[in-house]
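I opened the model to look up a strand and its partners, then a few side chains and a charged patch. My entries follow in that order.

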Amino acid sequence: MDMTSSAGKPVQITVTEGYELVKGTKGDFPVTFVRAEFNNVVLGDSTKFMVTAEGTARYNFNTSFEFNPDGVNTLDELAHKPVFLTVIEVLPKEKKQKDERTVTLGQAVVDLLPLLEGESTFEIMAPLHPVIGSPLENNRPGAKCCLEVTVSVSEALLTTAQILGGNLLRMTLEAAYSVPEIFVPTGPQQNYMAGLQIPSNKEKDYPILFKNGILKLGGEKEPVPRPKKWPIFNILAPGAQYIPDAFITGGPYVEEDGELNHPEDKEFRNQAETFKKRIVWDLESRSYLDPVAVVNFQKRIADCRFFPVEIARVPVAPVAKTKTKADKGEEEAQFNFHGVAYVNMVPLLYPGVKRIRGGFRVLPYLDGPVYEKTKCLFSLFRDAGHQNQNHKPTNVPGINSPQAKPVVTKTGKEEKPVKEKDTFFVHFLFSFLFLLQSSSIKSQSSDFPLEGEIPLYQNSEGQQYMEAATYIVLEIELEKALVPKRLPEELGARVRDMIPPRPSPVRRTGGAQKALDDYHTQIQNISVAILEEYHKMFGKDLTPGKDLDNQTLEDHKCQLNYELNCSGKYFAFKEQLKHAVVKIVREKFLKTTAFENQEELQAFISELYIYLVDQMNVTLNQSMPDENLSTALTAATTSEQLRLFAYEAQVNEDFALATVYYEERLVRDNQNIEHWLDYGSFCLLLDDITKAQECFRKALASTVITGLMLMMFHYEQAEIFFEDATCLEPNNVVAWTLLGLFYEIQNNDIRMEMAFHEAAKQLNAKLIKEKTTSETVDIGGKLDSSITTLGIVRSSSPSKRDIPGELMSQLLWCPLSRSLCFILTLVFLASPLLLFLSLLIWFFSASSKSQVSSAALSPSTFQGVSHPPISIFMETTRFLMKVKAIQYVHRVLAHELLYPQGGPSCEYYLVLAETHLLKKDFPKAEEYLQAAVQMDYMNPNVWGLKGHLYFLNGNHAEAKECYERTVSFVVDAAEMHFIYLRLGSIYLEDGEVRNLAKNTYLMACKKSPSCLTWLGVGIACYRLEELTEAEDALSEANAMNNYNAEVWAYLTLVCLKVSFQLSTRQSFFPLKLGNEDLLKEIHRVQEMVGFGDPSF
């Protein structure tokens, strides 16, 4: 890789002019000069200039220092050390004074970071911060003292390879909170330090140190935002210690990445950050990582996950003159209260993540636990001598001090420094022996020695951090993410490349003809409504074949007008017609401007009235119903009803009938995405993968996603769609959890952890929002607004046939298009499990926007009672159970058991019971239901599922008891539709409670009417000898499904009982009944009444 050459490059500093330098120590117009300093080295002084009356001083001062990657002024020094420009006033000489006296007025700071960003020249107006007691403190209001500075290099310091492959690491240490009570601001002066080691491009790590922490007593919180400080301590002006445009902003605890980001930690952190002692640094240290160091940094995070951040206290008391050099060296190396915080750096390997911030607990520094968690053999403070052999001095008082001398033996001779290889071997052997000893007498999870243990390194002082619950708050930020994340635009472009352009949409009718057609439609609707109202009021007076006299018609007209005006229907009809009339005015008469006078308005109204009346008469003449037809026709079955019927047949394992209903929906509207997805999902449940793929292809053709099914077995394309879906809907818990399962299948542990972490974060935010707004949200995806119970639709789903053919980036915002991305992604993987999982996502995406989807028709054992989700895995399990993805349910439940907030619960056992019930494993299902009952005896879902268990097992007595208990609860269970159906059938078997059967079926009809519910009502009425009601109910059932042989059979029985011979032959003719008992009953009734035998 092309790196910067070892030859030095001069960095030119030019101070052109100073502004607002009006006042000096001895008065106005002082004589000043500028002193430049970098990395503790004075670069030079400018010539002396007198400040003009305008407060300016033209210094035109040029100086430079040499940048050398292998010398003193490296890229790291440029990253975290600025150039200091000190303005000094030269005082006039007094009598008998030999030397000039000077006074420092202020100090400016120039950040050299732009040089590391690839710039070769930049200009800055550096503010001049006054020192304490400087006359610049009393400058006039609004005056801004500053220096005009230009920094330049002859060529860029970084090569193209370094710019593209390198990175800039910023680490900000804010404070350590809840420090031990033994820390007091009085007594000997102490230096509170912290630091960590990061990989470099060399063999050894590079230390980052934070010194001179300020111990503060409790009483108030640290203000936010507050500026960050330079990690340098020879700054003269107080204002110059702050980094320009760099602030600590804080943020909610739950959004942090540390260890104390749970809701239960909020109170403790508030107490610790307000009332307890703390050590404040507010320092930001920067470090440049070249491409090799970036690779090492990534590898270290992947291998170790945790980085140790050490904290210690070092005394800075003056050294007595009588002490020997050896004593001085020992005292300089003293430190105590050695602690460590383990920072999880794995989030930096998540795609697109550049920053982590949070609170991390401080534990005592012990070699064994440190090595186990971080694989780090050396301590930054204790083993500073080893580090100093590989790096330049760090200038920490007492640690790696530049004044440190070689250790002198008692004979007075200096010992030779130990070789690096020998030092490494000694420390490795030391750590190995410690681990060997500690592992033999204590558990790996304990940081405390057992009784009788003699540890090689004991840290009783560091133990006080744990007792005081000390934690540090730090931030680590990178200039560029270690793992780039695909941008939404890039994902959209890649998806568009895989998709052929959508055909142009059908041109919609518009203009004058469309306006006229709309008017005709409204007239027809209003006329039908008025006729229905008339029939309701005077239908009893109408006799076929007899005409009413004029007076009666006039009376009816007056009463009808009165009723329409009093009820408000007349006003509603006008409002209904208004929009159509406005369109005619605009499109037919082309009138869009105001009228100039009243005469023009009246003329136009007359013309419009004549035209509207004529068109009304045309409509009425065309739509006048025949007298022989009934006044009202039964409305056709809706798409939602067909979906309910299909699912009803599916649950009853009548798959042929379910197929008929699904195909009927497609015949009615084959451009509706939901119809194809429902049918494809049904085919997946039947393991008909070929037909399912065909349905998905049709759905894709309807939404511009043609051809994606050709990309099967391609994990890369699958990941693109997954990322695009989570990018477009980033706050969905189920989406992130399923993405984590996808990465788990690929054995990508870090990405899996990232997805689960994001899911937990979004779930916490969702719970906090729900708690704040006190809104009840349905756990299945906010379906309460459109669906009351199983299949009861309050608002119809909008049609998707009119989706415009826009670009894919816009199309993916459609919930159905996002769901298709998920479906195709999982079908690409060509795994039976993932094919089932592909079924889930459509339900999830469609319901996420409160749209009606077939997921509402899927039974779930926990939809009836709304409980706050415990974890991301139970949230996902609720979703998976809707489509009976049993294999994935068990995978997720395994995660639930290992989750800290998870574990067995009533819902957990309900899910297990339902999975075994689907497999017909009744003993296991009963075992888990018993456990669920013990946990939540008042849960209607438990008793409803228990009733299903006994019903399928043939124990109708126990099933009846469970169903009756479920119905008696105030809150409905999730599967009330099938509970009513099965309870009604049990009542029908008992001849003494058929009236209860009728009432039960009527409740089912009220909630979710279907052919089976009305059939149950008809059977109950027939058995109760209520033949008229039985005929009505059976006719309603026949209207919903005229292929049901049992409906025709009972219609035959009713007709036989009321002596309708023709109707009997018509109803009996199409029978293909498989119920032999019912056929025998029909023959008995035929013999009894003496007609109806079709064998003639």
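Which residue of S6 stands opposite Val31? I found Met50 there.

I noted the basis before going on. This is a predicted model, in which local features need pLDDT of at least 70 and side-chain atom pairs count only at pLDDT 80 or more, while totals for chains, interfaces and linings use all residues. Residues are numbered from 1 along each chain as its sequence is written, and side-chain values use heavy atoms, with hydrogens and water left out.

Strand S4. I took helices (H or I, at least four residues) and strands (E, at least two) as DSSP runs numbered from the N terminus. Two strands pair if DSSP finds at least two bridges between them. I looked up the partners of S4 one by one. S4 and S6 (residues 49-50) are antiparallel, with 2 bridges. S8 (residues 83-91) also runs antiparallel to S4, and 8 bridges join them. In S8, Val90 is the residue opposite Val31.

S4 (residues 31-38) is joined to S5 (residues 41-45) by 4 bridges, again antiparallel. Ala36 faces Gly44 of S5. The two strands make a hairpin with 2 residues between them, and Asn39 in the turn has a positive phi of about 55 degrees.

I then checked burial, where buried means under 20% relative accessible area, exposed over 50%, and partly exposed in between (1.4 Å probe, protein chains only). S4 is largely enclosed by the rest of the structure, because 6 of its 8 residues are buried.

Asn270. I located Asn270 in helix H4 (residues 266-275). Its relative accessible area is 26%, so Asn270 is partly exposed. Lys221 is 49 residues from Asn270 in sequence, and their C-alpha atoms are 8.6 Å apart.

Negative patch. I listed its members as Glu926, Glu958, Glu961 and Glu964. Patch residues have over 30% relative accessible area and no salt bridge; like charges are joined within 9 Å, and nonpolar side chains (Val, Leu, Ile, Met, Phe, Trp, Tyr) within 5 Å. A salt bridge is a side-chain nitrogen of Lys or Arg within 4 Å of a carboxyl oxygen of Asp or Glu. Helix H31 (residues 956-968) gives the most to the patch, 3 residues. Glu964 lies in H31. I recorded Glu964 as partly exposed because its relative accessibility is 32%.

Notes
Accessible areas come from the Shrake-Rupley method with a 1.4 Å probe; for residues, only the protein chains shown count as cover. Lys and Arg count as positive and Asp and Glu as negative; His and the chain ends are not counted. The place of a charge is taken as NZ of Lys, CZ of Arg, CG of Asp or CD of Glu.
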